[in-house]
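Look at the structure below, then work through each task in turn.

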Amino acid sequence: MGGRRGESFRGEAVHRGAPPGRPAPAVRPTASLATGRYRHDLAWLSSSRPFQLLLKEGGRQADGPLSTSTMRSPVVVGLKPEVAQRLRKATPDGQLSWADLADAAAAGTLKYAMADPRSSNSGLAALVGVATAAAGTGGALRPEDVSCDRLRGFFAGHVVTEDSSGRLADAYARNQDGLDALVTYESELLSLNRAGTLRTPLEVVYPKDGIVLSDYPLMLLDPARRAAYDRLTAWLRSEPVQWKIMERTLRRPVDPGLTRVPGLRAPLGNALYFPDSQAVVDRLLADYADARSGRPVRVIFLLDFSTSMRGERIANLRATMDGLSGADGSPSGKFARFHRGETLTVVRFGGRVLDEHSVTYTGVADLERLRGMVADDTFDASTAVWSALDHGYRTAADAVADDPGQRVSIVVMTDGESNAGMSLDAFLARYAALPSAARAVRTYTVRYGEADPRELDRAARATGGHMADATGQSLLNAFKEIRGCHE
């Protein structure tokens, strides 16, 4: 593509040449395009969705350039065959999902490469796909679906990243012995297998809970070039050129009726919606950045061991902790489970603090220690909820003083009204006097049994958290509701 004479174009600097091999990252060019000050005739991106969101946010959606899809490729997962076989054995139907991958990553048995979603469309599409699966709504992600970070376990397995899908494929080839999977475009996986640089070709997996599809739109930035643009898009979408694109780049043709080459005949399955809110994308990227920062995560569980918890209630609490340790095989359980590197502090209380233990999850033995923490059958006759929460904040204050970068949250579960120790008002007064770093720690309360919802809600709100009510749902679901909520 050259100058403006004849039928040539000034091409946008995301790709030059046709058909494209590896377009440059879509996020940074998208941001420059959203200004509306174009220096080129065309833009050729992996996806126009981030660009459309920025236009919508700026109130300029109607001014978006004409766009024509030229090819398609979903963001999927390449797994080493032995890893795929191992993961499939744990599923009832032999079909893998993003939830299964998140579960394995949280447990430390899946290490993968994925492009940085802040600079790569393949990384952003993967992030949206996993987050949409974690939300479990079947629709486009809403702000309330990403109010808590449900992807921390999935991120635990992300060990190699690059700023583009092309460089990511090269990085995977260099580090293949230490990796189990590559999350990228279907076309990149097939091209990598075809190149012969892998000791073990990757099995392409289309997660059953859905994928995000890129359609490589060619966008007209200069309306004066419309006639030439129409001829170019007609040429790109013609059958001979679609065949060349498919054969050379291993991307799917836009015409579903065109016979596909081997490797592109697998059904795509469920296509997921891209978010229609920039705020949702910003939150996902912020959670990703926080996970990549390496900040330690600590959750302090304050668990009511008063006598009213004996019997079925304590059995449910223990089953809840088992579920969060990986025993819950539901999709939501696989996303909400404890993950490698997370520090868990368990404080058992009645009318006083009965004991306190901490464990950092590095392996199965640590989860066994965690189960042992809640297996104790020592109960107390009274319930000092607010004294226990005050103790929790003292523990949190020490933690953030020792490591200011640490993310700390508190979960308090009780099945009755507080009848010992300090009052809620007294606790709130002491909380207000804490250092700012300790006050930034949020409390998430779990109402169980006969606990006072007004007081629990008030305490949670005062610290920036919220209450989960286990009287209308299972205790496990109430805990899952607040998993990943830190700030």
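The model is predicted.

**Exercise 1.** Find how far Arg 348 lies from the ring centre of Phe 305.

Solution. Arg 348 is placed over the face of Phe 305, and the distance to the ring centre is 4.5 Å. Another arginine, Arg 313, lies over the face of Tyr 448, at 5.9 Å from the ring centre.

**Exercise 2.** State how many aromatic pairs a search of the whole structure finds, and classify the pair of Phe 155 and Tyr 288.

Solution. The search gives 11 aromatic pairs. For Phe 155 and Tyr 288, the centre-to-centre distance is 5.6 Å and the angle between the planes is 80°. Planes over 60 degrees apart count as edge-to-face, and this pair is edge-to-face. Next, locate the residues: Phe 155 belongs to helix H6 (residues 152–155) and Tyr 288 to helix H11 (residues 278–292), so the pair ties together parts 133 residues apart in sequence. Both Phe 155 and Tyr 288 are buried.

**Exercise 3.** Classify the pair of Phe 305 and Phe 379 and locate both residues.

Solution. The ring centres of Phe 305 and Phe 379 are 5.4 Å apart with planes at 25°, so the pair is stacked. Phe 305 is in the loop between strand S10 (297–304) and helix H12 (312–327), and Phe 379 is in the loop between helix H14 (364–373) and helix H15 (385–402), so the pair ties together parts that are 74 residues apart in sequence. Both Phe 305 and Phe 379 are buried.

**Exercise 4.** Which residues do ring pairs link into a cluster?

Solution. The cluster consists of Trp 98, Tyr 112, Phe 154, Phe 155 and Tyr 288, linked by ring pairs.

Note on methods. Residues numbered from 1 in each chain as written. Predicted model: local features only at pLDDT ≥ 70, side-chain atom pairs only at ≥ 80, totals over all residues. Heavy atoms only, no water. Phe/Tyr/Trp six-rings, centres within 6.5 Å; stacked < 30°, edge-to-face > 60°. Helix = DSSP H or I, 4+ residues; strand = E, 2+ residues; numbered from the N terminus. Buried < 20%, exposed > 50% of the residue type's maximum accessible area, 1.4 Å probe, protein only. Lys NZ or Arg CZ within 6 Å of the ring centre and 35° of its normal.
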